[in-house]
Amino acid sequence: MEQELAALQLEAEAAIAQITLLEGLNELRVKYLGKKGLLTASLRNMGALSAEERPRVGQIVNTVRDVIESQLAAKEEQLRLAALASRLAQETIDVTLPGRTFIKGNVHPLSQVQEEIEQIFLGMGFTIAEGPEIETDYYNFEALNIPKDHPAREMQDSFYITEEILLRTHTSPVQIRAMEKLVPSLPVKLICPGKVFRKDDDATHSPMFHQVEGLVVDKGISLADLKGILLEFARQMFGPERQIRLRPSFFPFTEPSAEVDVSCMLCGGSGCRICKGSGWIEILGSGMVHPNVLKMGGYDSEELTGFAFGMGVERIAMLKYGIDDMRYLYDNDLRFLKQF
Amino acid sequence: MRVAYKWLKELVDVSLPPEELAEKMTMAGIAVEKVENLAQSLDRVCVGQITGMEHHPDADKLWICQVDVGTETRQIVTGAQNVQTGDKLPVAMDGAHLPNGVEIKPAKLRGVPSNGMLCSTGELNLDPQDWSERSQNGILILPEDAQVGQPFAEYLGVDEYVLELELYPNRADCLGMINVAREVAAIAGGALHLPAWANGIEPQLPAGEVATKVTIATPALCRRYAAMLIEDVKIGESPLWMKQRLTAAGMRPISNLVDITNYVMLEMGQPLHAFDVAKLAGNQIIVRPAQPGETIVTLDNVTRTLDAEMLVIADQDSPVAIAGVMGGLNSEVTADTRSILIESAHFLGSSVRRTSRKLGLRSEASQRFEKGVNAANLVAVLGRVATLVEQLGIGRAVGPVLDSYPEPLAPVALELHTAKVNALLGLNLKDEQIESTLARLDFAMHWAEAGKLVVQIPPYRADLVVEVDLIEEVARLHGFDKIGTTLPRGVTTLGKRSREQGLKLAAKKSMAASGFTEVINFSFSSPKALERLKLVEEHIWRRQIKVLNPLRDELSVMRTTLLPGLLETAARNVSRRNLDLTLFEQGYVYLPTDPQMLSLPDEIYEIAGLACGTVPKTWNQAQVTQDFFFVKGALQSLFTDLGINNYSFISVKDIPFMHPGRTANIMIRGKVAGFMGELHPEVVEAYALPGNTYVFVLDGPALFAAAEGKVKFSPVPRFPAVTRDIALLVDETVTVEKIYRSIRKVGKELLREVRLFDVYQGQQVPKGKKSLAFTLNYQSGERTLTDEEVTKLHETIKATLDKEFGAELRQ
Ligand SMILES: [Zn+2]
């Protein structure tokens with residue numbers, strides 16, 4: 001009896017080892033462990049054993065069952081893993097095939113840069129003021145301390161609609177309009193983005209372009225404050241290592257006036273092609289608001305001071321993206337626009 | 001203004017080399033655009049002398065010359081036939097890059113080594129007329145006094161640097177060397193060496209017979225008119241040093257007298273003019289406006305017709321010069337002239353500018369008058385002319401100087417408060433520091449009290465008018481780099497976009513998310529931009545505002561809609577084979593409020609777009625052709641993103657440039673807020689677009705007014721939904737919108753969603769009919785719906801559709 005059981009175990013083990021399909025495994029389970037299976041059959045012979053032997057042989061039968069069951073289970077797991085592995089192998093794809101195309105549009109690079117500039121100043125507590133693109137002579141010139149015979153208002157520089165109405169040549173008239181609306185509340189702290197128009201057309205000038213100007217008016221505003229705000233802008237726009245420098249300049253509506261250079265973002269200041277070897281790149285004009293302009297805006301030029309600055313969005317965009325000809329920005333060639 | 005460095009050094013002690021000086025001046029407010037080294041192209045060219053000549057053994061026309069260049073004797077082969085032994089001439093040695101671009105290297109000519117080149121005037125970019133007869137055809141033969149071995153640039157006197165100033169309009173004073181020197185002294189330090197006349201000291205002239213009478217008829221346009229008589233005039237050539245300086249400053253030497261007037265203009269910034277006294281009828285100088293239609297033949301031999309706005313200098317009979325602009329031929333100084341009247345005047349800048357523009361005549365003189373000259377110094381300037389006239393032996397200046405100065409300028413003094421300087425600049429300067437800074441400008445000043453300086457403004461600094469102008473002087477001389485960086489203190493302000501600014505930005509992002517690419521076209525366009533749109537005569541888009549002085553005709557009217565710009569941009573892209581286009585633009589269009597343009601126009605924000613071509617096929621996606629519903633879908637997304645709910649699309653057939661069967665008006669809150677649809681095939685053809693093209697134009701204000709921008713939360717349904725489909729056959733004229741409305745009316749709040757999932761016309765569908773299939777989603781927020789109540793509601797909907805549209809229901 002014991003020998004029979006040992007032989008049965010060996011036979012079952014050999015049979016399990018040879019199985020390659022899950023179905024075969026089930027057949028073996030039935031054959032050995034089923035109700036009519038071989039092991040069950042051997043149990044039936046237990047009756048012939050003595051009362052002392054029965055528990056011992058019973059023990060052996062259980063051991064053999066356990067062994068066969070565990071071998072069946074192990075084999076089953078092995079076959080399942082093999083089947084899974086083979087399925088996964090068959091499902092392999094070429095991961096280098098291109099992905100599904102989503103049609104993506106682009107916001108114009110000038111709009112993107114303008115938004116970025118706006119965002120920086122919004123973060124510093126400025127609001128955004130807007131005004132008409134077709135302006136009166138008064139707001140575009142006179143209120144900005146540019147009297148009738150100033151060279152800046154020559155016909156060759158401005159586009160006129162009538163003698164008194166023209167396409168604004170800068171967004172500065174918005175500063176006057178905004179002051180008129182805000183007076184006497186303080187502080188005035190705003191930027192004026194928008195389209196402006198001048199009679200120029202070449203690789204670095206476009207008859208229409210975009211400006212962002214800024215204006216701060218309050219008690220105790222100084223040129224040092226202007227430098228602080230512009231340094232912060234330059235660093236957010238062009239990188240945290242940037243420095244700025246102010247060069248004395250002239251604008252009728254500010255005094256003192258300064259051109260502002262930023263240390264070259266390409267060479268860091270050591271000199272390269274972009275900065276023409278100087279290490280500095282001019283990015284905007286600025287100054288302390290001329291007392292006459294404060295008066296025109298309705299504010300007390302004795303008590304209050306302010307600063308103003310203005311930059312060309314095109315120039316900033318060209319520096320940021322390395323565009324060397326302004327005309328690309330208005331050509332609207334899809335192959336250009338799709339790069340941004 | 002071109003500032004010759006050596007000349008400058010005569011007027012002020014400068015120790016800085018030109019480049020460093022330029023940098024320093026720029027950083028102190030006198031911008032130097034570039035520094036030009038005049039000698040650069042004459043490097044390695046020197047004066048040589050031929051010590052021996054022989055024929056080339058193998059070439060008749062070549063000479064082998066031995067040339068002494070000072071340090072050595074070089075063998076040079078030349079083909080020139082105008083040279084002989086003993087001649088002095090310019091020799092270019094190896095390494096020279098000549099002004100005409102030629103580079104010199106050692107060479108062999110027909111086997112004979114040649115170490116350099118003898119140069120002609122052409123090779124050195126010199127004017128042959130300035131040189132001897134023998135130099136005209138061949139090598140430039142130098143005068144005997146040339147020093148062998150001397151660098152040729154030094155010989156020519158062009159071993160000079162020129163600082164090119166880019167002057168701001170307020171610093172016209174620096175159009176004269178004297179005032180540039182004053183600036184340099186203030187900026188870089190160094191003592192000034194200015195002659196007395198530079199400080200306004202007027203000349204003592206020997207008395208003569210000055211018979212000319214000066215009258216200023218319009219003092220508003222001519223503040224002061226001074227003139228000086230020169231007798232026994234001998235017109236000839238100027239000395240070399242004067243020619244060299246004029247040339248370095250960018251002026252052409254002409255004759256001794258003209259050169260003097262130009263030279264003094266360069267020194268003092270004051271333009272001068274010379275009249276032949278004998279030619280002044282009645283010996284009269286009258287400064288008056290021209291009579292309308294009056295003519296004058298100017299020095300350039302052109303007849304100019306004048307108008308009453310132009311100021312002239314006239315004699316008893318007629319104009320002899322256009323004031324500040326150009327002289328007349330009738331009073332021109334010629335070789336026969338014996339007596340000359342030199343004019344030194346102050347004409348109103350704006351008047352000179354208007355006149356020179358109108359006549360298209362601009363000169364060094366007119367530009368100086370335009371920017372403003374120093375009226376206080378006119379007589380002193382004539383004194384300088386007198387000195388030079390005598391020095392050069394041109395003639396004899398005699399007095400008295402004629403001087404008409406109806407209203408002399410009062411001296412200007414400005415107060416400067418230390419506290420204001422510090423507050424405005426963010427500095428902490430003491431009184432002494434401010435004083436020592438301004439003292440560099442050589443201004444007279446005194447302290448009225450502690451912290452209050454009174455500064456006398458010299459007449460040449462007419463740009464200093466108010467206190468801040470002086471504060472700027474302190475800032476630029478003290479150095480902008482010494483000012484710190486702070487941030488404004490005070491009330492905290494919130495930076496935020498207005499509602500409308502936010503919506504404009506949201507619209508751009510929404511359009512881009514739907515696949516549209518933003519373009520930016522010019523706000524002005526061609527008057528013909530609308531021509532291809534077949535608009536009726538009274539269409540509002542035709543009310544284009546004209547630009548008086550456009551850059552060119554294509555940019556001569558203000559746009560009234562974004563559509564033509566988009567179409568032109570599309571056409572341009574198509575011509576470059578960019579065929580698949582989805583474009584949009586946002587911006588203002590302009591409509592007059594008044595036909596005479598007496599008031600500002602309306603500026604209306606528009607959003608417009610265009611789609612044509614396809615989304616190309618890829619390996620796993622079929623090609624998609626743009627159609628009406630692509631654009632409509634994008635607009636629906638836009639409305640969703642802006643929070644606009646109450647909108648509909650209604651068929652419109654009478655937009656002349658649109659396909660009558662494929663165009664919809666976009667209704668928002670019951671009003672037309674724009675249109676969209678397929679462009680009329682004839683318009684597509686007119687713009688040479690590749691095929692069906694879809695466009696939309698939206699009115700910004702209507703959109704923004706309706707944009708609620710509010711998202712209201714509604715609870716996520718907790719009870720299951722039941723889905724039922726309806727398929728029906730209706731007349732093809734029945735719009736889906738109507739069926740939707742019917743279904744919703746019956747379904748009420750239990751009908752959560754209706755979705756059209758199929759539209760079919762063709763085989764199996766009778767002609768004139770279309771088959772539509774909808775999915776209806778029933779759901780309650782309060783309970784699970786029973787099968788019976790859903791079935792009942794669904795059947796009611798079907799029955800209603802049957803009744804209202806004669807819909808034949810299909811299974
Ligand atoms: Zn650089």
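Predicted model: local features only at pLDDT ≥ 70, side-chain atom pairs only at ≥ 80, totals over all residues.
This is a short talk on the contact between two chains, followed by two spots elsewhere in the structure.

Let's begin with the interface. How much area do chain A and chain B bury between them? The value comes to about 7,400 Å², with 58% of it on carbon and sulfur atoms. On the chain A side, 88 residues take part in the contact, and chain B brings 91 residues.

Now for the polar side of that interface. Between chain A and chain B there are 42 residue pairs in polar contact, counting pairs with both residues at pLDDT 80 or more. Nine salt bridges cross the interface as well. One of the pairs you can look up is A:R245 with B:E23, a salt bridge whose closest N and O atoms sit 3.7 Å apart. And which element of chain A gives the most to the side touching chain B? That is helix 8, residues 223-238, with seven residues.

Next, have a look at helix 4 of chain A, residues 53-90, where you will find A:L84. A:L84 counts as partly exposed because its relative accessibility is 33%. Together with A:L81 and A:L88, A:L84 makes a nonpolar patch on the surface, and the three share about 240 Å² of accessible area.

Last stop, chain B. B:I540 is in the loop that runs between strand 26 (524-525) and strand 27 (557-558). Its relative accessibility is 38%, so B:I540 is classed as partly exposed. From B:I540 to B:T560 you count 20 residues in sequence, and their C-alpha atoms are 8.1 Å apart in space.

How values were computed:
Residues numbered from 1 in each chain as written. Chains lettered and ligands numbered in written order. Heavy atoms only, no water. Patch = residues over 30% accessible without salt bridge, like charges linked within 9 Å, V, L, I, M, F, W, Y side chains within 5 Å. Areas by Shrake-Rupley, 256 points an atom, 1.4 Å probe, with all protein chains shown as cover. Salt bridge = Lys/Arg side-chain N within 4 Å of Asp/Glu carboxyl O. Helix = DSSP H or I, 4+ residues; strand = E, 2+ residues; numbered from the N terminus. Buried < 20%, exposed > 50% of the residue type's maximum accessible area, 1.4 Å probe, protein only. Contact = heavy atoms within 4.5 Å. Buried area = accessible area lost by both parts, 1.4 Å probe. Polar contact = N/O pair within 3.5 Å; in protein donor to acceptor, adjacent residues only side chain to side chain.
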